[in-house]
Amino acid sequence: MNKTIRNTTLTIALVSIAAGAACIAQPARAQSASKSISRAVALPPLPLGLSVPDRLPRAIRDPQLLTAWIELYNHTEPIALWDGRTLTGRDLAQFVLDNDIPVVWDTNGVCGASSCSVLTCTDAGCTYADQSAGVDPLYIRPTLQGDSLGTLNALAHEIFHRTQPFGAVADTKFEEYWAYRVGNAIAPKTWPVFDGYDPLVSGWLFLWLANNHMGAYYPLADYPPIVEQFLASAE
Ligand SMILES: [Zn+2]
(Lines give C-alpha, C1' and ligand atoms only; values in the text may rest on other atoms or scores of the structure.)
Protein backbone atom coordinates (compact mmCIF):
# COMPACT_ATOMS: atom_id res chain seq x y z
CA MET A 1 0.00 0.00 0.00
CA ASN A 2 1.10 3.53 -0.50
CA LYS A 3 -0.85 6.05 1.50
CA THR A 4 -0.45 9.67 0.62
CA ILE A 5 -0.83 12.46 3.14
CA ARG A 6 -0.57 16.06 2.03
CA ASN A 7 0.29 19.12 4.03
CA THR A 8 1.38 22.24 2.27
CA THR A 9 4.19 20.48 0.56
CA LEU A 10 4.33 17.12 2.28
CA THR A 11 3.40 13.77 0.91
CA ILE A 12 3.81 10.60 2.90
CA ALA A 13 3.87 7.36 1.05
CA LEU A 14 2.92 4.26 2.93
CA VAL A 15 3.00 0.68 1.89
CA SER A 16 1.80 -2.55 3.35
CA ILE A 17 1.99 -6.15 2.38
CA ALA A 18 1.87 -9.56 3.93
CA ALA A 19 3.25 -13.02 3.58
CA GLY A 20 5.43 -14.83 1.12
CA ALA A 21 7.99 -17.57 0.76
CA ALA A 22 11.68 -17.28 0.34
CA CYS A 23 13.18 -20.11 -1.65
CA ILE A 24 16.86 -19.75 -1.26
CA ALA A 25 19.72 -21.81 -2.53
CA GLN A 26 23.29 -20.68 -2.22
CA PRO A 27 26.44 -22.45 -1.16
CA ALA A 28 26.34 -22.47 2.60
CA ARG A 29 28.67 -20.12 4.27
CA ALA A 30 25.47 -19.65 6.25
CA GLN A 31 25.43 -19.59 10.01
CA SER A 32 29.14 -20.04 10.46
CA ALA A 33 29.80 -16.89 8.49
CA SER A 34 27.67 -14.85 10.81
CA LYS A 35 30.06 -15.59 13.65
CA SER A 36 32.72 -13.51 12.01
CA ILE A 37 30.49 -10.49 11.75
CA SER A 38 30.87 -8.03 14.55
CA ARG A 39 27.34 -6.96 15.35
CA ALA A 40 25.33 -6.00 18.39
CA VAL A 41 22.45 -8.27 17.39
CA ALA A 42 22.22 -12.05 17.48
CA LEU A 43 20.70 -13.51 14.34
CA PRO A 44 17.96 -16.08 14.79
CA PRO A 45 18.58 -19.43 13.08
CA LEU A 46 18.77 -18.88 9.35
CA PRO A 47 17.13 -21.17 6.78
CA LEU A 48 19.53 -23.79 5.47
CA GLY A 49 21.47 -22.81 2.41
CA LEU A 50 21.39 -19.09 2.99
CA SER A 51 24.52 -17.25 2.03
CA VAL A 52 25.47 -14.48 4.41
CA PRO A 53 27.35 -11.67 2.67
CA ASP A 54 30.57 -10.39 4.17
CA ARG A 55 29.11 -6.92 4.57
CA LEU A 56 25.79 -6.52 6.36
CA PRO A 57 23.72 -3.34 6.63
CA ARG A 58 24.72 -1.51 9.79
CA ALA A 59 21.44 0.38 9.76
CA ILE A 60 19.36 -2.76 10.41
CA ARG A 61 19.60 -3.59 14.09
CA ASP A 62 16.68 -5.96 14.58
CA PRO A 63 17.43 -9.69 14.19
CA GLN A 64 14.21 -10.55 12.29
CA LEU A 65 14.58 -7.60 9.95
CA LEU A 66 18.23 -8.39 9.36
CA THR A 67 17.31 -12.00 8.63
CA ALA A 68 14.72 -10.79 6.11
CA TRP A 69 17.40 -8.65 4.48
CA ILE A 70 19.71 -11.69 4.23
CA GLU A 71 16.89 -13.72 2.68
CA LEU A 72 16.31 -10.92 0.19
CA TYR A 73 20.01 -10.82 -0.62
CA ASN A 74 19.85 -14.51 -1.47
CA HIS A 75 17.19 -14.00 -4.12
CA THR A 76 19.05 -13.93 -7.40
CA GLU A 77 16.27 -15.07 -9.75
CA PRO A 78 15.66 -12.23 -12.25
CA ILE A 79 12.22 -10.65 -12.14
CA ALA A 80 11.09 -9.26 -15.50
CA LEU A 81 9.82 -5.68 -15.26
CA TRP A 82 7.45 -3.66 -17.44
CA ASP A 83 10.13 -2.38 -19.79
CA GLY A 84 12.10 -5.58 -20.31
CA ARG A 85 14.63 -4.88 -17.59
CA THR A 86 15.11 -7.38 -14.80
CA LEU A 87 15.51 -6.98 -11.07
CA THR A 88 16.58 -9.37 -8.32
CA GLY A 89 16.09 -9.47 -4.60
CA ARG A 90 19.82 -9.05 -4.30
CA ASP A 91 19.58 -5.77 -6.22
CA LEU A 92 17.05 -4.53 -3.68
CA ALA A 93 19.11 -5.69 -0.70
CA GLN A 94 22.18 -4.05 -2.19
CA PHE A 95 20.26 -0.79 -2.58
CA VAL A 96 19.57 -0.75 1.18
CA LEU A 97 23.20 -1.54 1.92
CA ASP A 98 24.63 1.05 -0.47
CA ASN A 99 22.31 3.79 0.76
CA ASP A 100 22.57 2.87 4.45
CA ILE A 101 18.79 2.82 4.82
CA PRO A 102 17.58 1.92 8.33
CA VAL A 103 14.88 -0.74 8.34
CA VAL A 104 12.85 -0.61 11.55
CA TRP A 105 9.56 -1.79 13.00
CA ASP A 106 6.97 0.98 12.83
CA THR A 107 6.38 1.03 16.58
CA ASN A 108 5.36 4.71 16.53
CA GLY A 109 2.67 4.19 13.90
CA VAL A 110 4.21 6.43 11.25
CA CYS A 111 2.53 4.29 8.60
CA GLY A 112 -0.76 3.61 10.32
CA ALA A 113 -1.64 -0.02 9.63
CA SER A 114 0.89 -0.32 6.85
CA SER A 115 4.58 -0.51 6.12
CA CYS A 116 6.01 2.57 4.46
CA SER A 117 8.70 5.08 3.76
CA VAL A 118 8.02 8.80 4.00
CA LEU A 119 7.95 10.43 0.58
CA THR A 120 8.19 14.22 0.49
CA CYS A 121 6.87 15.94 -2.63
CA THR A 122 7.44 19.56 -3.62
CA ASP A 123 7.37 21.36 -6.94
CA ALA A 124 10.93 20.12 -7.41
CA GLY A 125 9.82 16.50 -7.22
CA CYS A 126 9.49 13.74 -4.66
CA THR A 127 12.20 12.45 -2.37
CA TYR A 128 12.60 10.01 0.47
CA ALA A 129 15.10 12.35 2.11
CA ASP A 130 13.45 14.71 4.57
CA GLN A 131 14.94 17.79 6.19
CA SER A 132 16.40 15.93 9.16
CA ALA A 133 19.90 14.56 9.35
CA GLY A 134 20.53 10.95 8.43
CA VAL A 135 18.73 8.57 6.13
CA ASP A 136 14.99 8.23 6.68
CA PRO A 137 13.98 4.76 7.85
CA LEU A 138 11.98 2.22 5.95
CA TYR A 139 9.21 1.20 8.34
CA ILE A 140 7.79 -2.33 8.56
CA ARG A 141 4.37 -2.99 10.08
CA PRO A 142 4.90 -4.41 13.61
CA THR A 143 2.11 -6.96 13.18
CA LEU A 144 4.51 -8.78 10.86
CA GLN A 145 6.77 -9.59 13.79
CA GLY A 146 7.04 -13.37 13.87
CA ASP A 147 5.89 -13.60 10.24
CA SER A 148 9.15 -14.06 8.38
CA LEU A 149 7.55 -14.51 4.97
CA GLY A 150 5.30 -11.50 5.36
CA THR A 151 8.26 -9.44 6.51
CA LEU A 152 10.28 -10.45 3.46
CA ASN A 153 7.38 -9.60 1.16
CA ALA A 154 6.93 -6.19 2.79
CA LEU A 155 10.64 -5.49 2.73
CA ALA A 156 10.92 -6.20 -1.00
CA HIS A 157 7.82 -4.13 -1.76
CA GLU A 158 9.04 -1.17 0.26
CA ILE A 159 12.58 -1.19 -1.08
CA PHE A 160 11.17 -1.26 -4.60
CA HIS A 161 9.41 2.04 -3.80
CA ARG A 162 12.61 3.47 -2.30
CA THR A 163 14.47 2.85 -5.56
CA GLN A 164 12.10 5.36 -7.19
CA PRO A 165 11.76 3.18 -10.28
CA PHE A 166 9.92 5.91 -12.20
CA GLY A 167 11.99 8.85 -11.05
CA ALA A 168 11.28 11.56 -8.47
CA VAL A 169 7.51 11.34 -8.82
CA ALA A 170 4.52 10.59 -6.60
CA ASP A 171 3.19 7.09 -6.19
CA THR A 172 0.82 5.69 -8.83
CA LYS A 173 -1.39 2.67 -9.31
CA PHE A 174 1.19 1.35 -11.74
CA GLU A 175 4.01 1.66 -9.22
CA GLU A 176 1.91 -0.15 -6.63
CA TYR A 177 1.13 -2.92 -9.12
CA TRP A 178 4.83 -3.48 -9.66
CA ALA A 179 5.73 -3.18 -5.99
CA TYR A 180 3.28 -6.00 -5.31
CA ARG A 181 4.55 -7.99 -8.28
CA VAL A 182 8.13 -7.72 -7.07
CA GLY A 183 7.17 -8.51 -3.46
CA ASN A 184 5.25 -11.58 -4.54
CA ALA A 185 7.95 -12.75 -6.92
CA ILE A 186 10.33 -12.84 -3.97
CA ALA A 187 7.89 -13.95 -1.28
CA PRO A 188 4.83 -15.50 -3.01
CA LYS A 189 1.38 -14.97 -1.58
CA THR A 190 -2.08 -15.91 -2.78
CA TRP A 191 -2.97 -12.21 -2.74
CA PRO A 192 -3.10 -10.06 -4.74
CA VAL A 193 -3.93 -11.96 -7.92
CA PHE A 194 -2.10 -10.80 -11.05
CA ASP A 195 -3.16 -13.25 -13.75
CA GLY A 196 -5.38 -11.81 -16.44
CA TYR A 197 -4.64 -8.14 -15.78
CA ASP A 198 -2.62 -6.05 -18.19
CA PRO A 199 -1.29 -3.13 -16.14
CA LEU A 200 -0.55 -1.12 -19.28
CA VAL A 201 -4.29 -0.81 -19.86
CA SER A 202 -5.72 1.77 -17.50
CA GLY A 203 -9.05 0.01 -17.05
CA TRP A 204 -7.40 -3.29 -16.21
CA LEU A 205 -5.19 -1.57 -13.68
CA PHE A 206 -8.29 -0.27 -11.97
CA LEU A 207 -10.00 -3.65 -12.09
CA TRP A 208 -6.88 -5.25 -10.63
CA LEU A 209 -7.21 -2.97 -7.61
CA ALA A 210 -10.96 -3.43 -7.37
CA ASN A 211 -10.92 -7.21 -7.63
CA ASN A 212 -8.14 -7.47 -5.08
CA HIS A 213 -9.97 -5.15 -2.67
CA MET A 214 -7.34 -2.44 -2.70
CA GLY A 215 -9.59 0.60 -2.87
CA ALA A 216 -7.12 2.69 -0.88
CA TYR A 217 -5.16 3.11 -4.10
CA TYR A 218 -8.03 4.50 -6.17
CA PRO A 219 -7.01 8.15 -5.59
CA LEU A 220 -3.55 7.57 -7.06
CA ALA A 221 -2.85 8.58 -10.63
CA ASP A 222 -2.77 5.62 -12.98
CA TYR A 223 0.71 6.03 -14.43
CA PRO A 224 3.94 7.94 -13.77
CA PRO A 225 4.85 10.45 -16.51
CA ILE A 226 7.49 8.25 -18.07
CA VAL A 227 4.96 5.47 -18.61
CA GLU A 228 2.31 7.94 -19.80
CA GLN A 229 4.76 9.06 -22.48
CA PHE A 230 5.45 5.48 -23.49
CA LEU A 231 1.77 4.70 -23.79
CA ALA A 232 1.13 7.88 -25.80
CA SER A 233 3.95 7.06 -28.21
CA ALA A 234 2.62 3.54 -28.67
CA GLU A 235 -0.84 4.74 -29.74
ZN1 LIG B 1 3.33 0.02 -2.16
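Author: Helices (H or I, at least four residues) and strands (E, at least two) are DSSP runs, numbered from the N terminus. Tyrosine 73 is found in one of these, helix H2, residues 63-73. The model is predicted, so local features need pLDDT of at least 70 and side-chain atom pairs count only at pLDDT 80 or more, while totals for chains, interfaces and linings use all residues. Residues are numbered from 1 along each chain as its sequence is written.

Reader: How many helices and strands are there in the protein?

Author: The protein has seven helices and eight strands.

Reader: Is tyrosine 73 buried or exposed?

Author: A residue is buried if 20 or more other C-beta atoms, placed from the backbone, lie within 10 Å of its own, exposed if 12 or fewer, and partly exposed in between. Tyrosine 73 counts as buried because it has 25 C-beta neighbours inside 10 Å. Of the 235 residues in the protein, 38% are buried.

Reader: Which residues is tyrosine 73 in contact with, leaving aside its neighbours within four places in sequence?

Author: Two residues are in contact if their C-beta atoms, placed from the backbone, lie within 7 Å. On that basis tyrosine 73 touches Pro53, Gly89, Arg90 and Ala93. Proline 53 lies 20 residues away along the chain, and its C-alpha atom is 8.1 Å from that of tyrosine 73.

Reader: What covers the buried residues of H2?

Author: The cover includes helix H3 (89-99), strand S4 (103-105), strand S8 (138-140), H4 and H5. H2 is largely enclosed by the rest of the structure, because nine of its eleven residues are buried. Among them are Leu65, Trp69 and Glu71.

Reader: How many residues of H5 are buried?

Author: In H5, 13 of the 14 residues are buried. The expected span of a helix is 1.5 Å times one less than its number of residues. H5 covers residues 173-186 and reaches 20 Å from its first C-alpha to its last, close to the 20 Å expected.

Reader: At what angle do H4 and H5 pack?

Author: Two packed helices are described by the angle between their axes and the distance between the axes. Axes are lines fitted to C-alpha atoms, for helices over the stretch in contact, and angles run from 0 to 180 degrees between N-to-C directions. Helix H4 (residues 148-162) packs with H5 at about 140°, and their axes are 8 Å apart. That makes H4 oblique to H5; angles under 35 degrees count as roughly parallel, over 145 as roughly antiparallel, 65 to 115 as roughly perpendicular and the rest as oblique. On the H4 side the contact includes Leu152, Ala156 and Phe160, and on the H5 side Trp178, Val182 and Ile186 are among the residues.

Reader: What about H5 and helix H6?

Author: H5 and H6 (residues 202-211) pack at about 55°, with axes 10 Å apart. They are therefore oblique to each other. Lys173, Phe174 and Tyr177 of H5 meet Leu205, Trp208 and Leu209 of H6.

Reader: Where is proline 192?

Author: Proline 192 sits in the loop between H5 and H6.

Reader: Which value does phi of glutamine 164 take?

Author: Glutamine 164 has phi near 45°, a positive value in a residue other than glycine. The residue lies in the loop between H4 and H5. Glutamine 164 is partly exposed, with 16 other C-beta atoms within 10 Å.
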